[in-house]
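Keep the sequence and the coordinates at hand while reading.

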Amino acid sequence: MWLYWWPHVVFHTVRLFPRYDRRNIPFSTNFCQKDLHSIAVVTTIFAFLSTGFSLCLAVRDPVPRIIRMMFHVFGFAHALLSIATLAVVNDVPLCADTTPELYLFLQITSILGVVLTVITALLAMFWIYDERYPGTVLDLRKQTGFCHDAYTTCPCVWHV
């Protein structure tokens with residue numbers, strides 16, 4: 001509901017200023033050389049898309065091919081966004097003094113995004129290897145893979 005109330009409150013707050021004086025609202029003295037606010041807006045849009053994909057992937061069984069393709073395109077775009085955000089944030093360390101909360105938020109989300117991009121790339125190598133040489137990587141759904149026999153006979157590795 002806050003997504004409804006936010007524009008509603010902004011609408012009524014702006015109406016508190018006289019019509020002829022709305023453009024003369026004083027600007028913040030917190031200035032950064034790069035436009036970190038636009039990056040934060042794009043990150044927020046990606047967060048909403050991620051929520052939508054979470055719902056689609058949780059509800060649909062089987063997941064249609066078009067949704068899977070869109071999800072992977074979204075993942076690639078988010079990886080690019082994370083790398084670009086990290087580059088921009090590292091380029092302007094002075095923004096840590098002028099807009100500390102925004103700078104810290106973008107720094108944390110970009111580092112987390114790059115780390116998860118590296119993990120996804122490592123997992124993608126296993127997927128590609130299994131596509132090229134089927135049955136070599138452990139697949140619990142199909143109950144196949146090089147380590148499947150050791151996995152089923154040794155109860156001590158149930159958490160792996």
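**Helix packing and the buried core**

In H2, the residues Leu-36, Ile-39, Val-42, Thr-43, Phe-46, Leu-49, Ser-50, Phe-53, Cys-56 and Leu-57 contact H3. Their partners in H3 are Ile-67, Met-70, Phe-71, Phe-74, Ala-77, His-78, Leu-81, Thr-85 and Val-88. By class, this contact of H2 with H3 holds 15 nonpolar, four polar and no charged residues. The model is predicted.

**Overall make-up**

- The protein has six helices and zero strands.
- Read from the N terminus, its elements run α-α-α-α-α-α.
- The protein has 160 residues, and 15% of them are buried.
- Take the contacts with a separation of 6 or more: 53% of them join residues 24 or more positions apart.

**H2 against H3**

- Helix H2 spans residues 36-59, and helix H3 spans residues 65-91.
- They pack at an angle of about 155°, with axes 11 Å apart.
- Angles over 145 degrees count as roughly antiparallel, so H2 is roughly antiparallel to H3.
- The H2 and H3 crossing is left-handed.

**H2 against H5**

- The axes of H2 and H5 come within 10 Å of each other and cross at roughly 50°.
- That angle makes H2 oblique to H5.
- H2 passes H5 in a left-handed crossing.
- On the H2 side, the contact uses Leu-36, His-37, Ile-39, Ala-40 and Thr-43.
- On the H5 side, it uses Leu-102, Tyr-103, Phe-105 and Leu-106.
- The contact of H2 with H5 divides into seven nonpolar, two polar and no charged residues.
- Leu-36, Ile-39 and Thr-43 are among the H2 residues that meet H3, and they are also among those that meet H5.

**The largest nonpolar core**

- The largest nonpolar core has 10 residues in all.
- Its members are Cys-32, Leu-36, Ile-39, Ala-40, Val-89, Val-92, Cys-95, Leu-102, Tyr-103 and Leu-106.
- H2 and helix H5 (100-132) are the elements that give two or more residues to this core.
- What does Cys-32 touch, leaving out residues up to four places away in sequence? The contacts are Val-92, Cys-95, Thr-98 and Thr-99.
- Two of these, Val-92 and Cys-95, are listed in the core with Cys-32.

- Thr-85 is in helix H3, and Ser-110 is in helix H5.
- Is Thr-85 buried or exposed? Its relative accessibility is 4%, so Thr-85 counts as buried.
- Beyond four places in sequence, Thr-85 touches Ile-39, Leu-106 and Ser-110.
- Of these, Ile-39 and Leu-106 are core members.
- Ser-110 has 1% relative accessibility and therefore counts as buried.
- Setting aside neighbours within four places in sequence, Ser-110 contacts Ser-82, Thr-85 and Leu-86.
- Gly-113 also lies in helix H5.
- Gly-113 counts as buried because its relative accessibility is 8%.
- Which distance separates Gly-113 and His-78 in space? Their C-alpha atoms are 7.8 Å apart, although the two are 35 residues apart in sequence.
- His-78 is one of the H3 residues that meet H2.

Notes:
Residues numbered from 1 in each chain as written. Predicted model: local features only at pLDDT ≥ 70, side-chain atom pairs only at ≥ 80, totals over all residues. Heavy atoms only, no water. Axes fitted to C-alpha atoms, helices over the stretch in contact; angles between N-to-C directions. Helix = DSSP H or I, 4+ residues; strand = E, 2+ residues; numbered from the N terminus. Parallel < 35°, antiparallel > 145°, perpendicular 65-115°, else oblique. Left-handed = near helix turned anticlockwise from the far one by under 90°. Contact = heavy atoms within 4.5 Å. Nonpolar A, V, L, I, M, F, W, Y, C, P; charged D, E, K, R; others polar. Core = buried A, V, L, I, M, F, W, Y, C linked by side-chain atoms within 4.5 Å. Buried < 20%, exposed > 50% of the residue type's maximum accessible area, 1.4 Å probe, protein only.
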